[in-house]
Amino acid sequence: MEETTLLMNIMWTMLGAFLVYFMQAGFAMVETGFTRAKNAGNICMKNMMDFVLGSLFFFILGFPLMFGKNISGIIGGSGFLNPYSLADANGMINGLPIGVFMIFHTVFCATAATIVSGAMAERTKFSSYLVYSAAISIFIYPVTGHWIWGGGWLAEIGFHDFAGSTAVHMVGGVCALVGAKIVGPRLGKYNSDGTPNAIPGHNIPLGFLGVFILWFCWFGFNCGSTTAASTSLGDIAITTNLAAAASTLVTLLFTWVRYGKPDVSMTLNGALAGLVAITAGCDVVTPYEAIIIGVTAGFIVVLAIEFIDKVVRVDDPVGAVGVHGCCGLVGTLLTGVFGEGCSFVTQLAGVVSVLVYAAVLAFLIFTVIRLTIGLRVSDQEQLDGLDMHEHGMTAYSGFRIDK
């Protein structure tokens, strides 16, 4: 029975990892659809390279920083360049073969990194983005991940983030906010008086495809975080799905009342907002509490995206900061309100500490990049499109591309 249970746990965790990997395709489609055709190839390349660089650097340095020998609850300090040395005599770590455990956390790391590409889309140098993508896999995600999941100080005080509302999504959202602020808005986004102009995406059906992929893969994200074929999988799937459905419906109705018509792109972001918000507490809330979390996320995502766009004046083409940053934060805090055995004060302490660390490190990383190799493309490159200037091609050869 022991061997059978282990094999089932291995198969389930690997299936979860494969689904989370496929989220890269979902993010690529959402970001591509929500931006302009002349930058489609560039967006897809960035999403691919997030996974490529995340895989390499997380293996060499990130995984040891996250799961190496605990140093004062702050950071892991062993296994560098050889993370397999962190396994026990049977090749296991946290109840799984180390390869299984490592690939599962590798795909999570890549997800945190790829959130940023949409917020900084259409005006960021490709080479600079590659440097950032490697940096988050080394300096940001593994450190806060150690605090939460690697036996660090937040784990010790009982902070609960089951599948990563804070560890993955809020970290990615905070980095997205800092990066988008430092790189500056796209040409034509803001008028001289500071009022924003809408820059519509070129392919809403691609955005829908991306959201459908992400919703499907989120079952791997949340249910897979059990890292075991347990009897709780169905309950986690139910809370995940109900929160997403509630958030989508509320966003649709809210925008219908607010704008006079049900907003398509905002409704898509509403689905993702519910998924992000429920991720922290999907294992410790009831179905009705999950619906409340989803309803809250549906309102929050609309107000947050509007606030970031109109008041903070940060150009976020896909709404990544509102979806991942704000709803990740709110979902983690609501876990402290509804979650069985969870403390709101502990959740608040965790959110604040991770937010501050991620913001400071992201500011340092993006500032260094801006002052050295540069972060922003030229105005002419923006006008012509990053596909031609950065990659020497167009994603839609033979089609008329509106600038």
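Modeller: Let's start with a cysteine: Cys223 is buried, at a relative accessible area of 4%. Buried means under 20% relative accessible area, exposed over 50%, and partly exposed in between, with a 1.4 Å probe and protein chains only. Keep in mind that this is a predicted model, where local features need pLDDT of at least 70, side-chain atom pairs count only at pLDDT 80 or more, and totals for chains, interfaces and linings use all residues. Residues are numbered from 1 along each chain as its sequence is written, and side-chain values use heavy atoms, with hydrogens and water left out.

Biologist: How many disulfides are there?

Modeller: A disulfide is a pair of cysteine sulfur atoms within 2.5 Å, and by that rule the count is zero. Cys44 is in none; the nearest cysteine sulfur, in Cys217, lies 16 Å away. For Cys223, the closest cysteine sulfur is that of Cys282, at 7.1 Å, which is too far for a bond. Cys44 is partly exposed, at 29%.

Biologist: And how do I read a helix such as α3, by its span and its cover?

Modeller: Helices are DSSP runs of H or I, at least four residues, and strands are runs of E, at least two, numbered from the N terminus. The expected span is 1.5 Å times one less than the number of residues. Helix α3, residues 98-119, has 22 residues and reaches 34 Å from first C-alpha to last, close to the expected 32 Å. It is mostly covered, with 20 of its 22 residues buried.

Biologist: What share of the whole chain is buried?

Modeller: Buried residues make up 57% of the 403.
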